[in-house]
Amino acid sequence: MFYAIAGLALIALGITMLVNPRLVFQLAESWKHDGGAEPSEMFLYSTRFGGVMCTLAGICGLVVAFIPQ
């Protein structure tokens with residue numbers, strides 16, 4: 001049951017990172033800058049890549065949750 005919940009949470013986080021990396025910047029990094037700085041292209045690419053990895057890990061967690069033991 002834990003793997004299913006964790007898998008769903010990782011999928012939700014990964015899709016958010018993939019679709020809206022600027023939101024991740026606003027939540028995690030914007031407080032470090034004065035004057036409303038924009039995220040760099042590298043930050044956007046790396047956040048999207050992390051979103052893909054989180055989504056894949058979440059799918060793996062769901063698969064593991066439903067494999068009979």
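**View 1. Helices H1 and H2 are roughly perpendicular to each other.** In this predicted model, the axes of helix H1 (residues 2–19) and helix H2 (residues 21–28) cross at roughly 105°. That angle falls in the range of 65 to 115 degrees, and the pair therefore counts as roughly perpendicular. The two axes come within 5 Å. Helix H1 contributes Thr16, Met17, Leu18 and Val19 to the contact, and helix H2 contributes Pro21, Leu23 and Val24. By residue class, the contact of H1 with H2 comprises six nonpolar residues and one polar residue, with no charged residue.

**View 2. Threonine 47 is a buried residue of helix H3.** Helix H3 spans residues 41–65 and includes threonine 47. The relative accessibility of threonine 47 is 5%, and because buried means under 20%, this residue counts as buried. When neighbours within four places in sequence are set aside, threonine 47 is in contact with Met17, Pro21 and Val24. Met17 belongs to H1, whereas Pro21 and Val24 belong to H2. These three residues also take part in the contact of H1 with H2.

View 3. A disulfide would require the two sulfur atoms to lie within 2.5 Å. Cysteine 60 is likewise in no disulfide, the nearest cysteine sulfur being that of cysteine 54. Across the whole structure, the search returns zero disulfides. As to accessibility, cysteine 54 is buried, with a relative accessible area of 19%, while cysteine 60 counts as partly exposed at 48%.

View 4. The chain has three helices and zero strands, and its elements follow the order α-α-α from the N terminus. Along the principal axes, the C-alpha atoms fill a box of roughly 55 × 20 × 15 Å. Of the 69 residues, 25% count as buried; threonine 47 is one of the buried residues. Among contacts with a sequence separation of 6 or more, 71% are made by residues 24 or more positions apart.

Definitions and conventions:
Residues numbered from 1 in each chain as written. Predicted model: local features only at pLDDT ≥ 70, side-chain atom pairs only at ≥ 80, totals over all residues. Heavy atoms only, no water. Helix = DSSP H or I, 4+ residues; strand = E, 2+ residues; numbered from the N terminus. Buried < 20%, exposed > 50% of the residue type's maximum accessible area, 1.4 Å probe, protein only. Contact = heavy atoms within 4.5 Å. Axes fitted to C-alpha atoms, helices over the stretch in contact; angles between N-to-C directions. Parallel < 35°, antiparallel > 145°, perpendicular 65-115°, else oblique. Nonpolar A, V, L, I, M, F, W, Y, C, P; charged D, E, K, R; others polar.
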